[in-house]
Amino acid sequence: MKNKFILLILLLASPAILFAQQKFSISGYVKDAFSGETLIGSTVVIKELGKGVNTNEYGFYSISLPAGKYQIVASYLGFKPISDTINLNKNIKRNFFLKSNSIVSKEAIVLAEKAENNFKSTQMGTQTLQMEKVKTLPVILGEVDILKTLQLLPGVQSSGEGNSGFYVRGGGPDQNLVLLDEATVYNSGHLFGFFSVFNSDAINSVTLIKGGMPAEYGGRLSSVVNVNMKEGNNQTYHATGGVGLIASRLTLEGPIQKGKSSFMLAARRTYIDALIKPFVSSTSTLSSSGYYFYDLNLKLNYQFSDKDRVFFSGYFGKDQFVFQGERFGIKFPWGNSTTTMRWNHLFNEKLFMNTTALFSDYIFKIGASQSNFNFELFSGVRDYSTKVDFDYFPNIRNQVKFGGVYTFHTFTPTTATGTIGETSISPEKINRQYANEAAAYVSNDFDLTEKIKINAGLRYAYFQQIGPYDRYVQNDVGTVVDTISYTSGQNIKAYHRLEPRFSIRFQTSKSASIKAAYTVTNQFVNLASLSGSTLPTDLWVPASSVVKPQFCTQYSIGYFRNFKDDQFETSVELYYKDLRNLIEFKENTTGRLSANIENDFTFGLGRSYGAEFFVKKSVGKFNGWVGYTHSYAQRTFADLNQGKTFFARYDRRHDGSVVMSYTHNPKWTFGAVFVYGSGAAFNLPTSLVFFSNGTQGLYFEPDYRNKYRLSPYHRLDLSATYTAKKTDKYESTWNFSIYNVYNNLNQYIVYLDIQGDVLNQGLKVQPKQITVFPFIPSVTWNFKF
Amino acid sequence: MKQKFLFSLIASIFILQSCEKDINIDFPIAPSPYVIEGYIENGQGPFVTVSRGISFINEISNDDFLNLFVDNAKISLTVNNDTTAIELKMVKIGNASFYIDTTNLIGVIGNTYHIKVAVDGQVFTSSTQILAPAPLDSIVVEPAPITRADTDSLVQLTAYFTEPNPLGNYYRLLSKKNNDPLFDVAFNSIYDDAIINGKAIQFTIAGGKSQFQNNDTANFRQYGYFKKGDKVLVKWASIDKAQYDFWKTFEAQSSSFGNPFSPTVIVKSTFKGAGCLGVWAGYGCTIDTIIIPKD
């Protein structure tokens, strides 16, 4: 282990060792000429060397070279490349403003990465989706949903039909770090997860990292989903919007000071409640029942100079469900809010800094009333974070990243307050949990030889639970026998972890490479979920003296090859994940209120492994991808399933998808998605039992866990996008989608319907399946002016 | 009707046109568990039944149910640290079999009762204590909160209760009206004192659920209420944690039937021994009688 770290430090220090001669640098930003929007991940190549760099998250690049004349080309898929000859005899600043190539962009390119990255970069298991391109694919109920599109990639599975929750490479739903402009989004779903919180009009791009997680990310075991909001057009004012079956959207953007600053404001709201209102009499109890959700996204940015730029972005979303029945009323609102403030600063041509202050908040509430009984349950999590990240470009062969992050977490457990008659049942204090989380990292992405490129990184992670906190110590039967009270700021438990990250690319030919990656990650905050899917009621719980951090070691290896001048990108990746300290609820947990939810947990091991096959065509009139995953996900817990290994709920033997898009002409674009997956694992009782008064119960064998499978899942979706009008000033498009074209009644859940009374006429037992989304056509009108 | 339609409209938009279909499942063949249900309370003798579970078949008749009763079990009780075991005696009422005491064993507050059930070569054991009762302060008859043609003869019973300290008490509420042979429970029959510890509270006494188990909506509107003129017996029992856990998981499982978001709930048996599901329940109880005036 020690040797490994020494090796890592040597690798990280290699830029200094390898290159000591005098050089000049060329640096700048790559942006969209029309909107001023930065082009993240665009490529800047030095023709003479056949080498290039990608712009970072802020569109910045820097290349250091020996003095000389070079031809430099900046390119981004869907944009006309710009080529320029420079005489590098001093440090040069050069910004590239790329113009959208209207012919190319019409061709509906779904993945916007530079195709060469497939085999040239060290990065494995990473995909970037460009929002504009995702919009031509079929959607359900007219709502474009980036998280559902991610589920079509190999290694990513839906947590349920039509659900935006997802599992990556056999990991749980809480093991995905979902970032919106770098702020953690704790609950990424609306309407119990059927829609994601990301309004497609407000999003610029999304990157998914499922393997070979770089050192700048941490805190989750399975994946990073990095969502970037649009910055807003800094040249002209625009309004974008859409009217769908269940929701409408409107986005406004424009310059505050032309070329220097811009704003973007996006709003979306569902209107099922409003549509139903006219049909409900005002005296009916239903008139005050309903459901809606809304989202607001705001982003502002200001460029002070070439060296300094500030961003402010915020998200606020809320779901509200209200039911007013005859005997009782219930109301539950829940929602996220995030705030990001960023300052980009360029120290010099080689050193780029981003400083960020972040706020993230998730709240869930249930209020209920019944005659003289009123109560409210609430829970949540709140983070204040600050982080600083540096990009250092010492020369064209090295790209160094380093930085640190600190977060203060507050976790509110499910807490009940209320009144029964005139008596208050509110607790004297809320037993919140407080924690400090910090990390520091350094990584270098560098060419060791012409053929070998390495990304080596090291992350140090620290987590500490601090008081105040009351810990209830339970005996074997679950009776509280002692209470340990911690005072404010008192150290309860601290964890220190080192996480090496390493990936290597070995180029085997002009268009092929073998890559391998080794990643260690720890997770200090966990979602306590009984359902196996993400629900708004699920509770975030920190590592503590009882809950150890979840821990994962992932090994992956892959072969990457492009065909036909990079028209086709292909890859095969194998992965193996060793998971420790996984959390499940103890057997017999019912999910009722618990004084210390940690007391309901039990801990175990997991492993998952699989093979992912991917073929992608990004250019041309006809493009899309085919992905297939063959995988296993297993769990072993001493206190569950009699200690026998069982399959995770999201174990899937086969999981495949075909995604296609075809641009017929400037007016019509067609899309198709086909999905096939093995059935999800579920539990089935073996016997029905009765009590003497005739009430029945279900008996499960002691090793009952996930032994049975729903039937395999498959469906076909089709879409057609019609551009009714497109000029520089006005654009109007219609999206017609059919979800589940051949109306396959996929099993969402299987349950036993038991009717009757065994004491009299007898019982009828009928297994039933519920299908959530049969054939669903939808139409959405989108506009832009 | 209009309301029902509108509700299903809302529901269908929420669940987005979900549809339901009968399917066939090849249920696993597995040994049926033994089901043991036993009670002992202050002032009463023990009462135990033993039955087998039944594999899933499409229809289970009353005869099938009665055939599940086991009449060859050997059941013995010991009290506190006594070494002498008291054998229970099997009695048959029709096809159903019960185990009762014929030696004048009466439940006493504070005593712990150990049960041992031997059947077909297997032994299952459990223990329960009859805890000190915590009587209700009073029970008040109030009109049902909604009045309509079909509900104006209904009333609700409100209990006033001062919950004793310290934390860690558990209760079960049962009721019986008029000539019902047995005490019945509501869908939720148990309470803990996690949020009411030491407080004076009031709560509604929901009547038994047995007669409302069919999905008869009109009938179901009357669930929980009592009728004017009813004679109601309210049994309020202090129970131990193991018993509470059994009922808690049992009721959570019942309420999760058919709920797609609900996790699997495994009922927590109070008995030791594999292949058995059961409860050995000691009640430290008080029984209040309420005669609801006719007007």
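**View 1. Confidence along chain B.** Chain B has a mean pLDDT of 85, with 86% of its residues at 70 or more; pLDDT is the predictor's confidence in each residue, from 0 to 100. This is a predicted model, so local features need pLDDT of at least 70 and side-chain atom pairs count only at pLDDT 80 or more, while totals for chains, interfaces and linings use all residues. Residues are numbered from 1 along each chain as its sequence is written, and chains are lettered from A and ligands numbered from 1 in the order in which they are written. The model scores ipTM 0.89 and pTM 0.87.

View 2. Helices (H or I, at least four residues) and strands (E, at least two) are DSSP runs, numbered from the N terminus. Where pLDDT is low, the predicted coordinates should not be read in detail.

**View 3. Where two domains of chain A meet.** Domain 1 of chain A covers 23–101 and domain 2 of chain A covers 228–784, with bounds from an automatic or database domain assignment. Here 23 residues of domain 1 of chain A are in contact with 21 residues of domain 2 of chain A (contact: C-beta atoms, placed from the backbone, within 7 Å). On the side of domain 1 of chain A that touches domain 2 of chain A, the elements giving two or more residues are β1 (24–32), β3 (51–54) and β4 (60–65) of chain A. β4(A) gives the most to that side of domain 1 of chain A, with five residues.
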